Each structure stands twice: as C-alpha cells, then as structure tokens.
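Q: Could we go through this two-chain model together, beginning with the overall picture and then moving to local details?

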Amino acid sequence: MKKLIALGLTAAMAASLAACGSGSGGNTATEGATAAAQGNASDNSGAAGGTFKIGVIGPLTGPAAAYGIAVQNGADLAVKEINEAGGANGIMLESNAQDDEHDAQKSVNAYNTLKDWGAQAIVGSTTSDPCIAVAAETSNDNMFQITPSGSAVECVEPDNVFRVCFADPDQGTASAVYIGENKLASKIAVIYDSSTTYSSGIREAFVKEAGNQGLEIVADEAFTADNATDFSVQLDKAKEAGAELVFLPIYYQEASVILKQASDKDFAPIFFGCDGMDGILTVENFDTSLAEGLMLLTPFSTTEDSSKAFTEAYVAAYGIEPNQFAADSYDAVYAIKAAIEKSGVTADMDYSAICDAFKTAMTEISIDGLTGAGMTWNASGEPDKAPKAVKIVNGVYEMQ
Amino acid sequence: MSFLSYLISGISLGSIYAIIALGYTMVYGIARMLNFAHGDIIMVGGFAIFTMVSTLGMAPMVGIVTAVAVCTLLGVTIEFVAYRPLRDASSLAVLITAIGVSYLLQNLALLIFGSNARQFTSVVTVPGLKLAGGRLSISGETIVTIIVCIVIMAALTTFINKTRIGQAMLAVSEDRGAAALMGINVNRTIAITFAIGSALAAVAGALLCSTYPSLTPYTGSMPGIKAFVAAVFGGIGSIPGALLGGIILGVVENLSKAYISSQLSDAIVFSLLIVILLVRPTGILGKKINEKV
C-alpha cells in the first residue's frame, strides 16, 4: 500500500516534470534552464560540438540516499572535468540526475522523465532492483545504459547495459576468496536480506565458494525488508555457533543496526561486508566506533594515491568524502567519454544510433579509472578489474 | 540456554507489540474504528525523542515526556480533525481516512526529517543482566520494556474499572446512543481514549526505538501492522487480549526465526493468525458481539 501511494505521488511528479520538459522541445537554452531548475549540474548549451545528455538515476532521498547522492556527485564532477578539458571529441556533456528512492517503479519513472528531457545515455540505476527494471525499459528503447553500482546479475542482461562495479556473485566469490586466502577466520556466519536480489545473490555465491576455501558456514541467517530492525535471534545463533567472522552482504543501514545489537550482546567477531556496506560511516547519530575493524570489499579508497586528486576535488565541491559509488559513477561517465571518442558519435544523433555505436565501442575501450586500472568490458557488460578490500581503522578506510 | 534467550527477546518484542496493540484495541473498543495511523504516531514519538535527546541534547526523561505530550496532542488533533466529522459515516470511510492520516504522517516526517535512517540513542539507562556466567544476557531495554508493559496494563485496567472516565468509556463502548442519553459526553470520552492511546504510542515508540535502534519515517508501520494483528489475535477490544496477543506474537515470531527459518517468520506469524481466526473468529479473549442489523 505504501508503494501504491508512493507510485501515485511519483506519477504526479513525473507528469509535472514531463509537462515542464515538453514545453521546451529543441530549444537548448530553455532546456538548460529546465535542467537548472531541477537542481542539476551543468548547462553547456552553445558548445561547438553540441551537447551530449547523460541521464543519472539513483536514490537521492530514502534509506539508500548515500549511494544515489554519491552517484549524482561523481557524475557531475566527471562531467565538469571533462567539459573543462574540452569535452569528448569537442562534445560537451550535460548531466541530469533523477531520484528513484531505491524503488523499481520510481526508477522507471525517473528514466521516462530523463527520456523526455532528451537523455542520450543513462548512468544508473544506482541500486540493483531499480536497475533491473530500468534495464528492461532501456533495452526496449535501445538506449545505452551503464550502471555504476547495479550489481545483480540481471542488471546487465540486455546487451545495451554495462556496469562499472562487480556483479553480485563476483563479490560473493571474491569475498570468500579474500577471507580464505588471508585466513581471517574459518567459522563464518552469514546474515543476509532475503528480500533483495543484491543480498541473496552475493550470499549464494559466497556460500558456494566458501566450501572451496575451507570455510565452514556455521550459521546462515536471513531477514526481510519488513523485519530489518531486530537481529537479536540471528546474532544469537551466530554467537552460539561460535562464528569468528560474520559476513554481511547487506546495505549499510541494516548493518549499522546489526553492529549496535552485536555490541550490546558483547559479540565481537570480524564483520565483513561488500559494497553495500559503503556509507556506514555516514548514518546519522551512528557511533562510528562500532564500525571499527569492519572490513568491506570495495574497489575504491580515498587513501589510495590514484584517488587523491579526485578526493580533493570532490571534497572541495561537496564537502564530504567520496565513497565508492561516487567513484563508480565518475568512472561510468569517463567510460561514456571514451566510448564517444572511440565510436565518433555526434551530439545530434538519436539515442538508438548512439547505443548501437556504444555497444561495440565499450568492448574496445580501456580506462584507468578510480575503481581499477586498465578496466575493460566484455560484450555481456561485465567489467574486468582486480578486487580490493578495506578495513575501517580510526573511522577511516584503510586499504588492505 | 539459547532457547531461554530467544524466549526472553520474544517476550520483549511481544511487550512492545502489546503496548502498541493497546492503542488499537482501546480505540476500537470505544470508538469502533481501526486507527491505522496508530503505528505512525509511534514514529512521531520516536522522532520527538530523537529531536529532544540527540539533536537538542536534553535528558532522556525530558525526551520521553515531550514525546508523550506531542503524541497525545497529535492523537487528539487527528481525532478532532479527521475522525470526529465522520462519526456517523460508514466504517469504511473512517478506515480509509485512517489510512490517509497514516500516509500524511509518514510523508510529513519524510518532508521534515528526510528518509535517511538515524541511529537512535537508547533512552534506557538500566544496565543489562548477565546470567549463567555470561551465557544469557538480558539487555536493560528488555527488562524495562517488560516492566513498563505490565505497569501500563495494570494501570489501564484500574483506570477503566475504577474511574468515572473509565466507566464512561465502557458505557460508550457498550452503546454509544444510550451512553449519550445517560449524559455522557461521547465526543469527549472518545477524545480521551485517543489521548491515552497516543500517549501509549509515544511510550511504545521510546521502547521500540531503544530496542531496535533505527529510526525512519516508516519505523512505525510494520510494528503497527503486527500490533494490529496482535490485537485481533487476542480479541480486539479486550485489554488483556492485547497483552496476550502481543506476547504470543512476539514469542512465536522469535522462536520461528530461531528454529524454523529466519526468513519465514512473518509468514508463520500471519498463518497462525489465520488459523486462530478460523477457530475463534473473535480472537482468543474476544467477546462475541451481536451486531444489530
């Protein structure tokens, strides 16, 4: 019922935005003004090579807002830098971010809003389930889509969709390999959210790989979105089973509650998460000392040399430290730039023609991104790069 | 030992459901309406405490008192603005209005506080207990929740049976028309019921958020629905029924999480409700009500 109402509200909002967009057909100045009115980054109308419009989708509000805002910021920053450096083949980029509140329906609405705005490629959606929904639409429309962080396998199923982050099974497998190879623990408990594709996907691959790594799964516990505040039973079972490490392939919001409840129970195993854990230090009123020693698999750390310049620019622009989502979306925009340069598309081409050109170009480019050096993509949309893990020490990420 | 630990956390969870269920049951018993906004009043209570304690740095007790005051006022206002004009409307109209109020509160909270989750600082300062050499630990929140639940239950029963207002409530719940003829101010009685129910919601909010320290505009909705189930389970309109229903629900939920499946616990809880309603349509302690047609 909650969704129904939310849908109604979003539909009303989308309708008003669409009305706003339709009045400005073809007039770049007006479109720029519309974009600015919607709170977006850049207005580059009047550039020689024209303007290439990138639609960004992510949860700008809601429980997963830390991801979406980071994606918006990362994309805006990349667009700004690229434009300052002369654009992609002289084409200026313009981005417009729409909120999906981490909801599949709203994400499709956001996509439609962006299509009306004239988007020629999509960076998004930020989270898995919305991304799958949007991928079905972009596939129908033949619109190029690159998701910074939609990690479910199905996200890149259509051939027009690529991603910057690892797929869920790859994260699960990589986590098990990392834990096994670094001998972090041998008795493992898993607490996952069975109501999201993201969490159950990682857990499945993790459990499968754990056997190969000689790890023993002593407790394998689930919760659902409706039940995401009380983890006492799951933690008790993990504690009873003598787990030395608790694997949490979940989003940071639930994880912050788990860490609190575990500390209340004097249960102090190693906690290990994946990219969804990124953002845990931003939870309002969260005692960050609870996250001390928490490890997470993430392709990006502000403490790395390669990300210093980006981190400085990001902090200067937005006042907070970037997380991996910002880095993913920054890389996504650079991938689009590389694809524009490789394929030689022009700003006046329609999105379908651009998409066809990008499908080939994406498999031929290689970028040195923040989330990996020498990233390449295969035709199925998966990136090829090396995994990394960080540990939270004194409230900051430390590369392992 | 682990069984005991699951049982105790189940009772603690159940006590919270019971306190919330009291609000549903009282309003239903007296005003014959389902106040679906009740769960969201809990959330408002949570935010009132969060604002006072974590944002403004007041003492937890000040936060709780403020929350009780805010929620009471809110409950009475909602009753006055949204439900009173519909006193003689069909029950469906009132139900829909209640759902509307629920969304209004959620979305107002979204506007004011945003939808990012906040970590709630516990207002309970009672230390936890460690029994059996540390193998069984009972948190301070659990102890306080169970005690508060029992105290509220006893106080409420006394209030209804021993005071004039309580007697007036009983009279209104039996027959509104006859009560009015006997000189009872029906509107005032119903307003007081809402005031008490909402004050309880504030207390439930404090306990809920202290035990499960995550606060969002949707915090109240799922516990609200489960407490409603608890109220129906125990027999809606019955105060001991709310307690019994709440505790059974909490314990079943926790034990099925522990011994059957942590993902199916909700399904099991709701199936149990269906079974109970098939066997006893008015709930465990519910009275059979002959509808006058």
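This is a predicted model: local features need pLDDT of at least 70, side-chain atom pairs count only at pLDDT 80 or more; totals for chains, interfaces and linings use all residues.

Q: How many helices and strands does chain A have?
A: Chain A has twelve helices and 15 strands. Helices (H or I, at least four residues) and strands (E, at least two) are DSSP runs numbered from the N terminus.

Q: How much of chain A is buried?
A: Of its 400 residues, 57% are buried. A residue is buried if 20 or more other C-beta atoms lie within 10 Å of its own, exposed if 12 or fewer, and partly exposed in between, with C-beta atoms placed from the backbone.

Q: Into which domains is chain A divided?
A: Chain A is divided into domain 1 (2–17 + 45–165 + 308–384) and domain 2 (169–298). The bounds come from an automatic or database domain assignment. The C-alpha centres of the two domains of chain A lie 29 Å apart.

Q: How many residues of each domain are in contact?
A: In chain A, 14 residues of domain 1 are in contact with 13 residues of domain 2; contact requires C-beta atoms, placed from the backbone, to lie within 7 Å. On the domain 1 side, helices H3 (65–84), H5 (128–141) and H11 (324–343) of chain A each supply at least two residues. By class, that side has eight nonpolar, five polar and one charged residues. Here Ala, Val, Leu, Ile, Met, Phe, Trp, Tyr, Cys and Pro count as nonpolar, Asp, Glu, Lys and Arg as charged, and the others, Gly among them, as polar.

Q: Turning to the two chains, how many residues of chain B touch chain A?
A: There are 29 residues of chain B in contact with 32 residues of chain A. Elements of chain B that each supply at least two residues to this side include helix H1 (2–31), helix H9 (221–234) and strand E1 (118–119). H1(B) gives the most, with five residues. By class, the side of chain B that touches chain A has eight nonpolar, 18 polar and three charged residues.

Q: And the core: which residues touch the most other members?
A: In the largest nonpolar core, which has 204 residues, they are Ile54(A) and Ile19(B). A nonpolar core is a set of buried Ala, Val, Leu, Ile, Met, Phe, Trp, Tyr and Cys residues joined through C-beta atoms within 7 Å. H1(B) contributes the largest share of this core, 14 residues. Domains 1 and 2 of chain A both give residues to this core, so it lies between them.

Q: What does Ile54(A) touch?
A: Not counting residues up to four places away in sequence, its contacts include Ala75(A), Val79(A), Leu93(A), Val333(A) and Ile336(A).

Q: How do H1(B) and H9(B) pack?
A: They pack at an angle of about 75°, with their axes 8 Å apart. Axes are lines fitted to C-alpha atoms, for helices over the stretch in contact, and angles run from 0 to 180 degrees between N-to-C directions. H1(B) is therefore roughly perpendicular to H9(B), a term for angles of 65 to 115 degrees. Among the residues making the contact are Ile16(B) and Tyr24(B) of H1(B), and Pro223(B) and Phe228(B) of H9(B). By class, this contact has eleven nonpolar, two polar and one charged residues.

Q: Is Val94(B) buried or exposed?
A: Val94(B) is buried, because 21 other C-beta atoms lie within 10 Å. Its place is in helix H4 (residues 91–113) of chain B. Leaving aside neighbours within four places in sequence, Val94(B) is in contact with Met33(B), Tyr83(B), Leu86(B) and Ala89(B).

Q: Which peptide bond is cis?
A: The bond from Gly124(A) to Ser125(A) is cis, with omega near -10°. Ser125(A) lies in the loop between strand E3 (121–123) and H5 of chain A.

Q: What about the phi of Asp266(A)?
A: Phi of Asp266(A) is near 55°, a positive value in a residue other than glycine. Most residues other than glycine have a negative phi. Asp266(A) lies in the loop between helix H9 (252–264) and strand E9 (270–273) of chain A, and counts as exposed because it has 11 C-beta neighbours inside 10 Å.

Conventions. Residues are numbered from 1 along each chain as its sequence is written. Chains are lettered from A and ligands numbered from 1 in the order in which they are written. Angles under 35 degrees count as roughly parallel, over 145 as roughly antiparallel, 65 to 115 as roughly perpendicular and the rest as oblique.
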